[in-house]
Amino acid sequence: MNHSHRVFLLLPSLIFWSCRAGAGDGPKPLVLINASEPASLDLHQVTGQPEIRVIGALFEGLVLRGLKSPQVRPGAARSWEVSADGRNYTFHLRPNHWSNGTPLTSRDFLASWRRFSNPTTGSEYSTLLKIIHNANAIREKKLPPDSLGIAAPDDSTFTVNLDFPVAFFLDLCAFEPFFPVPVDTIAKYGDHWTTPDHLVGNGAFVMKGWKRNVAIDLEKNPYYWDSANVKQAKVKVLPVEDQLTAWNMFLSGEADWIFSVPTSKLDAAKKMPEFFNKPMFGTYYYLVNCKNPGYDNANLRKALSYAIDRKKIVDRVLKNINTPATGFVPPTPSYPGVSMELYDPVKAKEFLVKAGYSAGKQPPGLQILYNTAESHRDIAQVVQQMWKETLGLDAELVNYEWKVYLENTKNLNYRSVARASWIGDFSDPISFLELYTTEDGNNRAGYSDPEYDKLIKSTWTMSDAGLRLATLRQAEARLMEGMPVIPIYYYALNEMRNPKLQDADPNPLGMYSWKDVHLAQ
Amino acid sequence: MTFNPAYLRRIAVRLALNVFTLIVIISLSFLIMKAAPGKPFQTERNPSPQVLEELHRKYDFTYSQYLKGILFHGDFRYSYSHRSSTVVEIIAEALPVSLELGWYALVIAVVAGLAFGLLSALYRGRWFEGFVLAFAMIGIAVPNFVLGSLLQLCFSLQWRMAPVAGWNGIDSKILPVLTLSLTFIAYITRIARGSFLENLNKDYIRTARAKGLPEFRVLWKHLLRNSILPVINYLAPATAYILTGTLVVEKIFNIPGMGRYFIESVFQRDFPLALGVIIIYSVFLLSLNLLADIVLTFVDPRIQLQ
Amino acid sequence: MTSAALTAKPARPPSPGSIAMDKLLRDKRAVVATLVLIALTLAVFIGPSFLPHYEKQMLETQLAPPSLAHLMGTDHLGRDVLARVLKGGQLSLAIGLLGTLVSMVFGTFYGCVSGFFHEKLDLAMMRVVDILYSLPYMFLVIILIFQFGKNIYVLFIALGLVQWLTVARIVRGQVLALKREEFILAARTLGVGNFRIILRHIIPNVMGVVVVYATLTVPSVILQEAFLSFLGLNVSNCTWGVLIADGKDYMDSAWWLLLFPGLTLTACLLCMNFLGDSLRDALDPTAKIN
């Protein structure tokens, strides 16, 4: 009796164990967790991190991101030259193949970039092309896509004609939307070209299977030009939306690599050797609606900003994994940017008085609008208390879910303050500073400063890199004077990694070089 | 009770009414979705007006186009948020998973609920009854997202008996099914216990026992058959609630079922997908209600199909 | 069932209401549940004034375990958990009660009208109920919250809108049975107007069923609020649902964040369920007093 009782208790765990065995054929794949299922793998249709992460493994651009240094490395192009005025690039392609064995030539790049620029493709990133000759006219449907300033004089040469001599053009070439797409396959299968049966790429990996919301299976691409140096044989990408589930999967060994750590687990994570933390080219900030009465006054905006103790937020709410903001653009080695102390309660009170709010007078409708997320809520609550304690102002918290938040901030349909964030598309300060020029489509503060616009505009035509960066710095300082944005902290990558993971250094944008990433055997 | 023409005709009328209901539901959902604030193609990086125009040209549809597409071509259109897939493809992958999850949970809930209900009714006043009642109460009061996380913490992280997430092989299915079914085990236990207690005191049970019929036969043939009505009545609403429960369970255990689309599609303003999901759920609920009513007429011949 | 109670009529019978009350008072479980609920309600509405403000952050004492200074510890922003549990109770109870009230009032009215008047009207009105029943209701709630923003009134209405369906069905069934009772027919022949009949005779008679159903609806509305909080559709930053949904993330590191709101919620729901069960027994004339 007693004995059978014990067997009965053991039975469930026996079933568990017997089911778990037998899942080990071939080399162990690298299992990484994507925050969501890729919406598409058509690199001209996507904007999100989860999509770009997979696309980066399946395709390769003319150049590759540096592994240990910020400089780009040769990719599909063996070498390149830049004309003296910085406006003409000539790329020399190496012999490349698509993953189905057909050769990849400069004509593929030609067709791909034309597709990218074509407004009927509907690529949301196509505004990035604007530095290339005629791209703006093509987007506005004034010229056909084949008038884009690019050419393929022969199979191995690809030339680009820029309107502006920008130094970050090569960084753009290493960015996924600038990668080539298999135009023949697309012509054949239309919208279904990204299924595992049809997808053809030129990256270090090929897609073996894609089961929606289950996994994307990647395998080393034998046709890849540098496949001899690709050390990881298999990669498995799992879409897991719940951060806590992803964290648990890492702890249980079901995943080797997760790209976010839930705030509630940061204390524990920081003590673990698997924790990986690195500053990133992104800023978390508050927008002020400069079009609304009261908030059109820079003094009030500055009062609000100087009253926020960023160090305390970073220390206490974010567990010190981020850096308090000292300007709008996150500092990089090439651009140290504006670095000023943004917290000063004395100054905050002075500015509030200057703005005309003394003796308990409240600015009209002070709100913090944020999109629904626990971390945004926590920060908003802390800021709310700081404004109360330092300035005596009562702010109301309003939260909207993502799409409503986007719509309201885009249409400047918010009372006063809204949470925002920006991660640079390429590691140049312009990708931040351009946002608050009067005409920019992403200027969600309604900010307009002709002097600032002029400064930013002048940088486009500067071929002297030093002068250009100095001008950008000047512009950033001016932005901090106007304070349409209240920077709070700079983003950082917070990951958990299997200690065996190697050559997985991210660039400042948080992108990896997929051909190098591997698990040590 | 059996399939006489009148009975079949009633079923046909119910079916026709269901189709009508479904069309009303589609229209209603369409209206509500269109009125909801937020645009489907709005992203953090503002797309240019030309791109937006292109996307709308490709994906937009009107009410009549949509209804015609569904009724005559079975075309639920392309999803907005999974751009290279049609709604039919997405649902075809996800529905079986949710059905499997829901089915296991329902079966376990009914079997365990009836067993607990019967035992607690038979052993009235003993410690076992107290235990069952406490369990039933806790099952009702503990939100399933807490339960799911707790099970994950204990069984997956502490004792390493089951994987945290996924839906392949029994080991990955036990925790989610348990999480989903617990509330319903509790509800069915309560309902069944009440019904069993009521019937145990009835004369026919006493008569059957007095006749010397074996206890098992008494319970099986007489008691169960007469007491099961409230449980069957509860099944249709239970299934509807289980469908909602899958939202939570699928999120916590990362199961590739329909539940995630239910929320996600509305959040993303993926109108075609949201409508598709609503239609599937509604068809399911409507058929289930009809089925429950049909089953009832078999269990209790006095009940008529309306 | 109900007619059975009316058969024996001595000279001055105790009213059905007082019988029920009598039964209820003798039911220990019901008395305890009521006392606990009253205590909880008082604590929830009076307690916060003796405690630190529920939003007051003390970032120096984050995640402090329960102590004399903070009986239920502090949360990740250093706020007093006891104060939050009580404040959250205000909102959760308000949501539960008002959501239920909305659905009961509307459902009763709808059910009465549907059951009382012409058969064709009944058919049409019940069809509407059927249609709404087949609509995945969570979808309705979510869209309403999207449409009108996250405020507490939207939630009352959204949850109330969902719950009224069952009430309407139950009430309609009762009304259909009552309609053929003699006292209604008598009132009719006396020329009493329809709405007066509904108000004076029908509604008092269906009240019992509605009250029983209401005590079971309150906990379910509170739980649904918790469910919405888990999905990030919370209407406030401090309800039991929010506290539990947040606390679950700290299950392994700061147990007090989940345990205390969880226990309070469970206690509240259990008492309401007990009370509901006892009320049902008390109002059921066939049930014996034990």
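**Close-up 1. Helices α10 and α11 of chain B.** In this predicted model, the axes of helix α10 (residues 229-252) of chain B and helix α11 (residues 259-267) of chain B come within 7 Å and cross at roughly 95°, where axes are lines fitted to C-alpha atoms, for helices over the stretch in contact, and angles run from 0 to 180 degrees between N-to-C directions. α10(B) and α11(B) are therefore roughly perpendicular to each other (65 to 115 degrees). From α10(B), T246(B), L247(B), E250(B) and K251(B) meet G259(B), R260(B), F262(B) and I263(B) of α11(B), a contact requiring C-beta atoms, placed from the backbone, within 7 Å. Helices (H or I, at least four residues) and strands (E, at least two) are DSSP runs, numbered from the N terminus.

**Close-up 2. An open sheet in chain A.** Four strands with antiparallel pairing form an open sheet in the order β4-β5-β9-β8 of chain A, two strands being paired if DSSP finds at least two bridges between them. At its edges lie β4 (77-82) and β8 (150-154) of chain A, each of which pairs on one side only. Neighbouring strands of this sheet are turned by 20° against each other on average, direction ignored.

**Close-up 3. Strands β5 and β9 of chain A, with helix α3.** Five bridges join β5 (residues 88-93) and β9 (residues 157-161) of chain A in the antiparallel sense, and F91(A) stands opposite F158(A) in β9(A). Helix α3 (residues 106-117) of chain A packs on the sheet and touches β5, β8 and β9 of chain A, its direction making about 160° with that of β8(A).

**Notes.** Residues are numbered from 1 along each chain as its sequence is written, and chains are lettered from A in the order in which they are written. Because the model is predicted, local features need pLDDT of at least 70, and side-chain atom pairs count only at pLDDT 80 or more, whereas totals for chains, interfaces and linings use all residues.

Methods:
Parallel < 35°, antiparallel > 145°, perpendicular 65-115°, else oblique. Contact = placed C-beta atoms within 7 Å.
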